[in-house]
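Please brief me on this two-chain model.

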Amino acid sequence: MSGFREGRLATLKAKIAALEAGGRADSESMPLGDPRLDGAFLNGGLPLGQWHEFAGEGLEAETAAAPAAFAALLASPLARRGEAVWILRRDDLFAPGLAGLGFPAERLIQVCARDEAEALAVAEDALATVGVSAVFAEVEAVDLTAGRRLQLACEKRGATGFVIRRRPYGGGPSKALTGSAAATRWRIAAAPSAPPPDEFGLGAPRWTAWLDRCRGGRPAAWLMEASGAYSDGEEDGTYPLRLVAELGDRELAPARPLRLAG
Amino acid sequence: MRVVCAVDAAGRRAGLFVGQKATDAAALCPGLVTAEAEPEADAAALVELADWCVRFSPAVALDPPDGLFLDVTGVAHLWGSEAELAEDLRARLARNGLPFRIAIADTAAAAWAVAHQGAETIGVVPPGEAAAALARLRPSALRLSPDAAAQIERLGLRRLDQVLALPRAPLARRFGAETLMRIDQALGRAQEALSFRRPANPWFARLAFAEPISALEDLQRVSFDVAAKLCERLEREGQGARRFDLAFHRLDGKAHPLRIGLALAARDPARIAKLFAPKLETVDPGFGIEVVTLAAEGVEPVTGRQVRLDALLDGGLEDGLAPLVDRLANRLGEDRVWRAVPVESHIPEQSARAARPLDPAPEAADWPTDIPRPLRLFRRPEPLEAVVALTPDDPPRQFEWRKRLRRVRHAEGPERIGDEWWRKEIGEVRTDAVRDYYRVEDQEGQRFWVYREGLYAPGETPRWFLHGLFG
């Protein structure tokens with residue numbers, strides 16, 4: 001009986017996924033190299049041909065260094081497969097730093113947009129371009145219409161979008177999100193690294209990643225570590241991010257101050 | 001002493017001449033109206049006129065104070081003949097009220113001579129007849145130095161054919177090598193270097209309309225037509241271009257230039273017209289546009305390139321990376337689309353350079369990946385407050401950045417980055433211009449790239465800066 005139910009459930013899920021992918025049943029995905037990670041997604045990996053949203057908290061909402069580093073690592077196998085475009089509002093992205101993380105930065109095309117609307121338009125244009133596999137866009141917020149447009153652009157050629165939410169310097173409080181068409185929504189914060197006990201210095205960079213929303217999957221919270229950062233050798237075949245620990249439910253959705261909620 | 005710089009026709013009839021003392025001139029014509037000479041304004045007007053003349057030929061050289069050289073080689077057929085070209089130029093100059101003399105000849109020097117001393121206002125010297133045309137002019141028509149010209153005339157040589165008949169060696173000895181050179185230039189035996197306002201561009205197409213156009217759709221159509229015309233030639237010769245300059249010449253003589261750049265040399269008229277399309281709205285057609293010109297720059301062979309692109313991409317070139325870069329560069333500006341390429345420098349700000357997105361990779365080695373570098377590098381390092389370090393050479397234990405106190409849990413460093421002495425004169429190298437960089441991690445796990453400026457000096461508070469974030 002339960003076998004029958006699970007079978008029905010799987011068929012239904014596949015149907016829904018097909019509907020959501022605009023009629024294309026073959027939504028590709030990119031495994032992250034750990035069953036505990038891949039299990040959170042619908043198709044056993046980060047869905048491709050869709051767009052994902054990464055945000056930081058506190059000061060990171062303005063500098064967006066941790067979300068950018070995390071998104072770049074997540075996408076680095078994709079960026080190796082095709083061209084990558086990074087759309088900025090402030091040109092403070094430092095390519096040697098990206099290269100150090102293991103991202104193919106020397107081929108990355110950077111575009112500095114003048115305003116939010118232009119950044120989104122460029123992202124859309126880049127996503128719909130043949131040969132481009134990953135598009136990073138640093139924008140303040142993606143509303144429902146812009147999100148749908150991004151999604152349509154992704155589906156055109158199967159490119160994957162990585163939206164890094166970033167408030168312009170000196171801007172007001174970040175805009176509230178009114179729903180989103182993103183396939184997954186992440187919150188990223190830098191986490192203390194764990195250097196080997198008798199060694200001097202910092203360990204490999206770590207992040208706490210909250211997968212707040214995942215279409216067709218389930219939310220999760222993970223402590224992750226860059227596996228090939230700042231090393232001389234070429235990491236080949238390994239996955240750029242390693243799961244250190246699954247975080248308990250209590251770390252999901254931290255309580256927000258009441259005055260913000262009102 | 002005030003002298004006469006220019007005289008109009010009426011003045012000349014009254015006996016005035018250039019170089020005359022102003023007082024003499026005033027004595028000769030009591031009611032003389034004078035205006036101050038403005039050489040700068042004249043020069044500016046000449047430059048403007050030169051730019052206007054681009055409608056006749058892309059190669060226009062200034063001949064101050066009052067002349068222009070137009071290289072009309074291979075251009076005259078657009079008007080039918082050289083005489084018709086000269087007639088068109090005459091009509092337009094006359095309509096604008098500009099006094100003029102025009103000559104077309106085999107060489108610039110011969111044209112200059114005929115223009116300045118010929119009998120007619122317009123002189124078109126047929127090919128190969130420069131010597132005949134020069135024969136009856138005075139020797140000064142050769143742009144000789146005033147001394148040489150005066151001396152030649154003093155010797156009774158009043159016509160050029162007399163000078164040309166002289167043996168060359170005595171001519172050079174007596175009147176200087178310059179005289180010989182001018183003669184050779186006039187007869188085409190020696191090259192004359194003209195500095196054109198724009199280098200002569202053989203990749204040039206032009207469309208003239210029987211009726212002036214002004215509608216946006218027409219502009220779109222003709223920008224495609226003129227691109228097709230030029231691209232056909234590019235295609236025939238296996239070339240492509242990286243920049244296209246489109247100019248709409250209006251009835252009132254003003255030109256409206258537009259420019260697009262391409263990341264890879266190309267010659268697809270549809271693509272070029274598409275890139276121009278959004279810019280056409282900025283064109284003010286005025287009373288109408290009668291001529292459109294398109295010039296291609298950065299022309300290079302393209303066959304190899306396009307094969308590579310085709311192999312790289314599965315779709316048509318229309319949707320590939322190169323058109324994307326072109327669209328973005330032309331919409332946002334060329335400096336807003338780039339690819340960071342490595343530069344072999346230890347100074348972090350200089351270790352990456354913005355390059356055109358699709359240029360081949362430079363020679364410099366890739367960035368070293370074993371030395372941590374931040375993901376965000378601040379253009380202006382931000383000063384840190386309340387830095388506590390145990391000893392001058394220690395990493396900070398805590399610091400305040402953007403009003404928040406950070407306690408350092410782990411630190412790495414120092415990495416000392418100093419002046420690149422091998423790039424400078426030894427006297428300019430400063431040993432104290434060093435930065436000691438530390439990679440530090442605070443209690444929350446945020447990783448920062450901080451540095452202390454300068455060497456330790458007793459009694460001085462070291463200055464600390466945040467240069468980047470690792471994320």
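The briefing below starts with conventions and then goes topic by topic.

This is a predicted model, in which local features need pLDDT of at least 70, side-chain atom pairs count only at pLDDT 80 or more, and totals for chains, interfaces and linings use all residues. Residues are numbered from 1 along each chain as its sequence is written, while chains are lettered from A and ligands numbered from 1 in the order in which they are written.

**Contact between the chains**

- Chain B brings 49 residues to the contact and chain A brings 43 residues. Two residues are in contact if their C-beta atoms, placed from the backbone, lie within 7 Å.
- On the chain B side, the elements giving two or more residues are α14 (321-332), β10 (337-342), β12 (376-383), β15 (404-417), β16 (435-442) and β18 (463-469). Helices (H or I, at least four residues) and strands (E, at least two) are DSSP runs, numbered from the N terminus.
- That side of chain B divides into 23 nonpolar, nine polar and 17 charged residues. Ala, Val, Leu, Ile, Met, Phe, Trp, Tyr, Cys and Pro count as nonpolar, Asp, Glu, Lys and Arg as charged, and the others, Gly among them, as polar.

- An open sheet of eleven strands runs in the order β11(A)-β10(A)-β9(A)-β8(A)-β3(A)-β7(A)-β6(A)-β4(A)-β5(A)-β10(B)-β11(B), with mixed pairing. Two strands pair if DSSP finds at least two bridges between them.
- Its edge strands are β11 (241-246) of chain A and β11 (352-355) of chain B, each pairing on one side only.
- Neighbouring strands of this sheet are turned by 30° against each other on average, direction ignored. Axes are lines fitted to C-alpha atoms, for helices over the stretch in contact, and angles run from 0 to 180 degrees between N-to-C directions.
- Strand β5 (residues 109-112) of chain A pairs with β10(B) in the antiparallel sense over three bridges. Val111(A) stands opposite Val337(B) there.
- β10(B) also pairs with β11(B), antiparallel and over four bridges. Ala340(B) faces Ala354(B) in β11(B).
- Helix α6 (residues 116-127) of chain A lies across β4 (83-88), β5, β6 (132-139) and β7 (160-165) of chain A. Its direction is at about 170° to β6(A).

**Helix packing in chain B**

- Helices α11 (residues 216-236) and α12 (residues 269-280) of chain B pack at about 145°, with axes 9 Å apart.
- The crossing of α11(B) and α12(B) is right-handed. A crossing is left-handed if the near helix is turned anticlockwise from the far one by less than a right angle, and right-handed if clockwise.
- Contact residues include Leu219(B), Phe224(B) and Cys231(B) of α11(B), and Ile272(B), Phe276(B) and Leu280(B) of α12(B).
- By class, this contact has twelve nonpolar, two polar and no charged residues.

**Backbone spots to check in chain B**

- The peptide bond from Pro64(B) to Pro65(B) is cis, with omega near 5°. Pro65(B) sits in the loop between β1 (60-63) and β2 (67-70).
- Gly413(B) and Pro414(B) are also joined by a cis peptide bond, with omega about 0°. Pro414(B) belongs to strand β15 of chain B.
- Ala386(B), not a glycine, has a positive phi of about 50°. Its place is in strand β13 (residues 385-389) of chain B.
- Ala386(B) counts as exposed because it has 12 C-beta neighbours inside 10 Å. A residue is buried if 20 or more other C-beta atoms lie within 10 Å of its own, exposed if 12 or fewer, and partly exposed in between, with C-beta atoms placed from the backbone.
- Arg402(B) has a positive phi near 50° and lies in the loop between β14 (396-401) and β15 of chain B.
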